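Hello,

Here is the structure I promised to pass on to you. Have a look at it first, and then read my notes below.

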Amino acid sequence: MATDTGGLSVVRTRALRRGFGERIVLRDIDLDIGRGEFVALLGRSGSGKSTLLRALAELDYDVPGSGELTVPAERAVVFQDSRLLPWIRVLDNVILGTSGGGAAERGRAALAEVGLAGREKAWPRQLSGGEQQRVALARSLVREPELLLADEPFGALDALTRIKMHALLQDLCARHRPAVLLVTHDVDEAVLLADRVLVLDEGRIAVDQRIELERPRTHSDPAFIRHRSLLLASLGVGARPSTHEEEKQAS
Ligand SMILES: Nc1ncnc2c1ncn2[C@@H]1O[C@H](COP(=O)(O)OP(=O)(O)OP(=O)(O)O)[C@@H](O)[C@H]1O
Ligand SMILES: [Mg+2]
């Protein structure tokens, strides 16, 4: 399902196919992601979301496949666990592998942006899970990526921390404008954050839904509820009709 991004795609795949042995996981995926566009990717467990994300990250050199793939060189990847190195301090984790002068300064600025000013010298184990994910975000930001790939980055966090991380991610994206592919199981998270929501099913992009709602978005907005219901239905989860829809049906 190729989408017109006005020739400004940072991601472009055509007939992208990946499989393991006999099992084809991605079947001829045509996907465009525009510059600065925020795309959320939903799908049942095992539907191939991480396989697609790893393909876009070019981390799947061990996975047989075919098709065309164009991605920018400046990419950052965030996973469910922060993957910080435990034996180096927070600031050094953030700037590890970056080159050029002023790395420490940029690292400090990124930590400040995620609300962790003053924790530069802490060890990763001295931070909470949410704080470690903030460091992971700072580490990706410091690279000023054109494409941010995030595989369930908030999946291991409690509900309250998640809400704070949503606000933080929205803030960071508004400021740095990377294109984003966010893999999530959480339909609300997808509708809250994304410009477009995709659903992967049977190796194909079965749904490509544009979310044209003002930000900040609220869960109680009838349009939000409509998007959520449609997406839940496409995931095979029966959603209770929203109050708004019930009213419409009753009238
Ligand atoms: N290295 C591998 N070797 C063999 N099969 C694999 C490998 N990695 C993934 N698969 C299979 O590919 C399919 C898609 O896996 P993938 O991890 O992309 O799913 P997912 O949508 O991310 O699932 P989840 O929501 O549970 O994270 C699954 O059936 C999985 O078993
Ligand atoms: Mg996965």
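**Notes on helix H7 and beyond**

In helix H7, the buried residues are Ala223, Phe224, Ile225, His227, Ser229, Leu231 and Leu232. Please keep in mind as you read that this is a predicted model.

Let me stay with that helix for a moment. At the N-terminal end, H7 is capped by Asp221, which has a side-chain oxygen 3.0 Å from the backbone nitrogen of Ala223. Beyond the helix comes Gly236, with a positive phi near 80°.

**The ligand**

Next, the surroundings of ligand 1. A total of 13 residues surround ligand 1, and Ser45, Gly46, Lys49, Ser50 and Thr51 are the closest. Sorted by class, this shell holds 7 polar, 4 charged and 2 nonpolar residues.

Ser45 has a side-chain N or O atom 2.5 Å from an oxygen atom of ligand 1. For Arg23, an N or O atom of the side chain is 2.9 Å from a ligand 1 oxygen. His185 also places a polar side-chain atom 2.9 Å from an oxygen atom of ligand 1. On its own, ligand 1 has 640 Å² of accessible area, and the protein covers 59% of that. Strand E2 (23-34) and helix H1 (49-56) are the elements that give two or more residues to the shell, and H1 gives the most, with 3 residues.

Is Ser47 buried or exposed? With a relative accessibility of 11%, Ser47 counts as buried, because the cut-off for that is under 20%. Ser47 sits in the loop that lies between strand E3 (38-43) and H1. Its side chain comes to 2.6 Å from the backbone oxygen of Arg44. Leaving aside neighbours within four places in sequence, Ser47 is in contact with Val25 and Leu200. Val10, by comparison, is 37 residues away from Ser47 in sequence and 24 Å away in space, C-alpha to C-alpha.

**Asp30, in strand E2**

Strand E2 also holds Asp30. This residue counts as partly exposed, because its relative accessibility is 24%. A polar atom of the Asp30 side chain lies 2.7 Å from the backbone nitrogen of Ala15. Asp30 and Leu16 are 14 residues apart in sequence, with their C-alpha atoms 6.7 Å apart in space.

What does Gln133 count as at 3% relative accessibility? The value puts Gln133 in the buried class. A polar atom of its side chain lies 2.6 Å from the backbone oxygen of Pro153. Apart from neighbours within four places in sequence, Gln133 is in contact with Val78, Phe79, Gln80, Asp81, Ser82, Pro153, Leu157 and Met165.

I hope this helps you find your way around.

Best wishes

Notes: Residues are numbered from 1 along each chain as its sequence is written. Chains are lettered from A and ligands numbered from 1 in the order in which they are written. This is a predicted model: local features need pLDDT of at least 70, side-chain atom pairs count only at pLDDT 80 or more; totals for chains, interfaces and linings use all residues. Side-chain values use heavy atoms; hydrogens and water are left out. A residue is near a molecule or strand if one of its heavy atoms lies within 4 Å of it. A polar contact is a pair of N or O atoms within 3.5 Å; within protein, one must be able to donate a hydrogen and the other to accept it, and residues adjacent in sequence count only if both atoms are side-chain atoms. Accessible areas come from the Shrake-Rupley method with a 1.4 Å probe; for residues, only the protein chains shown count as cover. Helices (H or I, at least four residues) and strands (E, at least two) are DSSP runs, numbered from the N terminus. Ala, Val, Leu, Ile, Met, Phe, Trp, Tyr, Cys and Pro count as nonpolar, Asp, Glu, Lys and Arg as charged, and the others, Gly among them, as polar. Buried means under 20% relative accessible area, exposed over 50%, partly exposed in between (1.4 Å probe, protein chains only). Contact means heavy atoms within 4.5 Å.
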